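Here is a briefing for a reader new to this structure. Look over the sequence and the model, then take the topics in turn.

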Amino acid sequence: MAQPKNSGEDFDDADVARAYANRPPYPPALIEALAGLASGRARALDLGCGPGKLAIPLADRFDEVWAADLSAPMIAAGQAADAGAHPNLRWMHGPIEDLDAPDGGFDLAAAGASIHWMDHARLFPRLARWLRPGAVIAVVEGDGPAEAPWREAYGAVIRGWVERLGGVWNDPAMIAGSRAHEAWIGEPRRAEFSHEVRMSLEALIDGEHSRATWARAKLGPDRSAAFDADLRDALTPHAEEGILIFKVRTRLLYGRPLPEPMTHSVAG
Ligand SMILES: C[S@@+](CC[C@H](N)C(=O)[O-])C[C@H]1O[C@@H](n2cnc3c(N)ncnc32)[C@H](O)[C@@H]1O
């Protein structure tokens, strides 16, 4: 069976939203860095907020945070996780491209593992207006196991399943698509953060099903169980009393959103 194509709508799914709580966390230093990039602390925008992995901690650092997502189950999971702790957090359901936001209204826009799902030609001209002078869009990527003695064994299972579903490992077209937003970010700067995470093998496996490719609704029950069994077989020897230790590496790209993409002319 060919691999179903991934899309932003894959997250509009109750099991994906539930399993999201088992994704490894971002490094705390990333959150501090995001707040430090802001032009002020009045209002931040989280694009494709999911259950609030960025929006909730940012709400401790800004007067107001708008957390927007097209998935109702994700918004519900975020509201449940926050449990009303941040009255300054405004959850907004709908595509970010249709958001009704004030010009110059934000000191920071952050997109965690979400920008590649969005329509850049509609989003970036709006973002360029929504941000205050000096404010940046911060693109955050990377919440999987990046460093561990078992990283290769884990990667082999993931690669095997991509191929089993008819996908191409490190598909150049997919890589280019995942970087398409870079043309819309002026004077880009980059940083990287990492931290050690300890979590149970079973939580790590469940969290994989919050990723678009491994959503249980797309894999179906039999393939979901086989995927889990492969990961369990590969990683059980590396778990101590069911716990895995690994490092998450998170990449940050930030700069001014451009109303039009940069084009590069090729000489010759
Ligand atoms: C991988 S999750 C990231 C969640 C969270 N930002 C994080 O860093 O963990 C991607 C999220 O982007 C949302 N999304 C995708 N396309 C979107 C769009 N056009 N407008 C709003 N949200 C979108 C999905 O519903 C999903 O919740």
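Helix 8 passes helix 9 in a right-handed crossing. The model is a predicted one. The two helices, helix 8 and helix 9, pack at an angle of about 145°. Their axes lie 10 Å apart.

**Helix 8 against helix 9**

- Two packed helices are described by the angle between their axes and the distance between the axes.
- On the helix 8 side, the contact is made by Leu201, Glu202, Leu204, Ile205, Asp206 and Glu208.
- On the helix 9 side, the contact is made by Arg216, Phe227, Asp228, Leu231, Arg232 and Leu235.
- A salt bridge joins Asp206 and Arg216, with the closest N and O atoms 3.0 Å apart.
- Asp206 lies in helix 8 (residues 201–208) and Arg216 in helix 9, so this pair ties together parts that are 10 residues apart in sequence.
- Asp206 is buried, at a relative accessible area of 12%.

**Other salt bridges**

- How many salt bridges does a search of the whole structure find? The search finds 21.
- Arg216 also forms a salt bridge with Asp15, where the closest N and O atoms are 3.0 Å apart.
- Asp15 lies in helix 1 (residues 14–19) and Arg216 in helix 9 (residues 216–235), so the pair ties together parts that are 201 residues apart in sequence.
- Asp15 is partly exposed, with a relative accessible area of 24%.
- Arg216 is partly exposed too, with a relative accessible area of 25%.
- Glu182 forms a salt bridge with Arg190, and their closest N and O atoms are 3.5 Å apart.
- Arg190 counts as exposed, at 55% relative accessibility.

- Ser224 has its place in helix 9.
- Is Ser224 buried or exposed? At 5% relative accessibility, Ser224 counts as buried because the cut-off for buried is under 20%.
- A polar atom of the Ser224 side chain lies 2.8 Å from the backbone oxygen of Gly220.
- Not counting residues up to four places away in sequence, Ser224 touches His209, Arg216 and Leu219.
- Pro221 is also placed in helix 9.
- At 69% relative accessibility, Pro221 counts as exposed.
- Pro221 and Asp60 are 161 residues apart in sequence, and their C-alpha atoms are 39 Å apart in space.

**Helix 4 and its ends**

- Which residues of helix 4 (residues 72–82) are buried? They are Met74, Ile75, Gly78 and Asp82.
- Seen down the axis of helix 4, these buried residues fall within an arc of 100°, so they line one face of the helix.
- An α-helix has 3.6 residues a turn, so residues three or four places apart point the same way.
- The cover over the buried residues of helix 4 includes helix 1, helix 3 (55–58), strand 2 (64–69) and strand 3 (89–93).
- Ser71 caps the N-terminal end of helix 4. A side-chain oxygen of Ser71 lies 3.0 Å from the backbone nitrogen of Met74.

**Helix 5 and its surroundings**

- The buried residues in helix 5 (residues 120–130) are His120, Leu123, Phe124, Leu127, Ala128 and Trp130.
- Seen down the axis of helix 5, its buried residues fall within an arc of 165°, so they line one face of the helix.
- What do the buried residues of helix 5 pack against? They pack against strand 1 (43–47), strand 4 (106–112), strand 5, strand 7 (185–200) and strand 8 (243–257).
- At the start of helix 5, a side-chain oxygen of Asp119 reaches to within 3.2 Å of the backbone nitrogen of Ala121.

**A loop glycine**

- Where is Gly144? Gly144 is in the loop between strand 5 (131–141) and strand 6 (145–147).
- Not counting residues up to four places away in sequence, Gly144 touches Arg211, Lys247, Val248 and Arg249.
- Gly144 and Tyr26 are 118 residues apart in sequence. In space, Gly144 and Tyr26 are 9.3 Å apart, C-alpha to C-alpha.

How values were computed
Residues numbered from 1 in each chain as written. Predicted model: local features only at pLDDT ≥ 70, side-chain atom pairs only at ≥ 80, totals over all residues. Heavy atoms only, no water. Salt bridge = Lys/Arg side-chain N within 4 Å of Asp/Glu carboxyl O. Helix = DSSP H or I, 4+ residues; strand = E, 2+ residues; numbered from the N terminus. Buried < 20%, exposed > 50% of the residue type's maximum accessible area, 1.4 Å probe, protein only. Arc of directions from axis to C-beta. Contact = heavy atoms within 4.5 Å. Polar contact = N/O pair within 3.5 Å; in protein donor to acceptor, adjacent residues only side chain to side chain. Axes fitted to C-alpha atoms, helices over the stretch in contact; angles between N-to-C directions. Left-handed = near helix turned anticlockwise from the far one by under 90°.
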